[in-house]
Each structure stands twice: as C-alpha cells, then as structure tokens.
Amino acid sequence: MKLFIDTADIEEIRTVARWGVLDGVTTNPSLFARTSGRTYDEVLKEICQITDGPVSAEVVADDLDGMLREGRHFAGLADNIYVKVPMSETGLEALSHFRAEGIKTNCTLIFTANQGLLAAKAGANLLSPFVGRLDDINQDGMIVIRELVSIVEIHELESEVLAASIRNPLHVTQAALAGSHIATLPFKVFQQMIQHPLTDKGIAQFRSDWDKARKALEQSRDQAAGARAGA
Ligand code: E4P
C-alpha cells in the first residue's frame, strides 16, 4: 500500500520523505489554511519539488467553469499534480473533462461505494473515501474502503482507492488489510505508527547491556594488566 501524507506543512513532508516512506501528498483548503505567508501555488510547487509522487491540489469553485479553470491551472504547476475534485454532479462532469484532457484527478469527499463507482466511471484516477468522518457519525468508515476495493477489483477499474480521513494507526492497518491501494495520513499518525513502548524499552535495555559489557571488558583488561605489572 502506498502511503501519502495529508498535510500542506513543508517540514512534515520533508521529514517523512527523509524516512524513505513517502509516496505522495494530499492537500485541501483546510490544510492550506494552517500554513501562513505563502500562496497555495507556492506551497504546491515546493511540495512537488520534494516528491515526484502524486500531489493533490483541491479546487474550491462549485461551478464547472471554475473547477476546470482552477484544475487546469494546478495541472500546469507541475507534472505530478492531481486535481482534487469533490463528489457532486458538477464534480463528475469536471472529472470527465479532465480525463479527456489527460489531467490526473482525485475525487474527494466520497462516503459511499456508489459515489466511488461513479467517480471511477467519470475517470477519477484516485477515489478518496473519508474513513474518519464516517466513524465520527457512528458509521464504520472502513466498510466503504472494503466495498470500493472489491468493486474496483471485480470490475477491473483503473482507479485506485485512497483511504482518506485517517485518524489513527488502526485505520492504517485496517485499510491495508482491506486492500486499499493508498492511505493518506496526518504526520501524527506516521509518528504513532513508529512508536511502541516495548521498542523504546528494548532500545534502552540493549544500550544498558552494551555499556555493562564494555565496562566489564575494560575492568578485566585493567586487572590483567595490573597482574602482569605486579609479576
Ligand atoms: C484527504 O485527501 C482529505 O483531505 C483528508 O484526509 C480529510 O481528513 P479529515 O477528515 O481529518 O479532515
């Protein structure tokens, strides 16, 4: 499963890239709003210099002309931009235009398998069901991931399922087991995936045993040298 980071924070993206586990980036207007001092274009261009994986840039227009104008503009910023289009009647129409123009897309705000099926048929390269926001309203968001992965496989659709709105490491494991092609994670979830108390305890124990062994070796060598000097 490919792992994307769900952020517009450059330092977070650089950090995960350094770990060697970064396959792409998703942004949205809310994530961009958490950055400051730069335009969305500037942030996107810098992200595309850090990774050559897909970088999602979301349109905010709700009319077709606006979506097409914004999407074409984003697609012109870098080769690895994927235009993020919300699920709606207009969104589907925009997706089919972008497909005809060879512009890569990510259909966002998917909450049912049927929405995902429609997005795939309209030509979306990536289908983004939101797991966490469904969990928030007491619905099992992972069901949509499982259903959509099955639909894509059964009907040999070309789209990839991107598990979005991931809130914790368990979501990542469940999405991977469900066969999701991609998951996009907040930086915090990447960190949580690394951490385990037994790993920390094990590292401390190995360090302590290593130090003890070195001290014991030094002592036995000192004693041997002392014995030789006294002989
Ligand atoms: C992904 O592309 C979305 O921007 C993101 O995963 C939404 O996550 P949220 O529900 O935590 O805002």
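Reader: How many nonpolar, polar and charged residues make up the shell around the ligand?
Author: This is a predicted model, in which local features need pLDDT of at least 70 and side-chain atom pairs pLDDT 80 or more, while totals for chains, interfaces and linings use all residues. Residues are numbered from 1 along each chain, and side-chain values use heavy atoms, without hydrogens or water. The shell (residues with a heavy atom within 4 Å of the ligand) includes Phe-130, Ala-164, Ser-165 and Lys-84. Sorted by residue type, the shell divides into 2 nonpolar, 4 polar and 4 charged.

Reader: What is the distance from a ligand oxygen to an N or O atom in the side chain of Asn-28?
Author: Asp-6 places a side-chain N or O atom 2.7 Å from a ligand oxygen, and a polar side-chain atom of Arg-167 lies 2.9 Å from one. A polar contact is a pair of N or O atoms within 3.5 Å. For Asn-28, the distance is 2.6 Å.

Reader: What separates the centres of domain 1 and domain 2?
Author: The domain assignment gives domain 1 as 2-194 and domain 2 as 196-231. Taken over C-alpha atoms, their centres are separated by 51 Å.

Notes
A polar contact is a pair of N or O atoms within 3.5 Å; within protein, one must be able to donate a hydrogen and the other to accept it, and residues adjacent in sequence count only if both atoms are side-chain atoms. Ala, Val, Leu, Ile, Met, Phe, Trp, Tyr, Cys and Pro count as nonpolar, Asp, Glu, Lys and Arg as charged, and the others, Gly among them, as polar. Domain bounds come from an automatic or database domain assignment.
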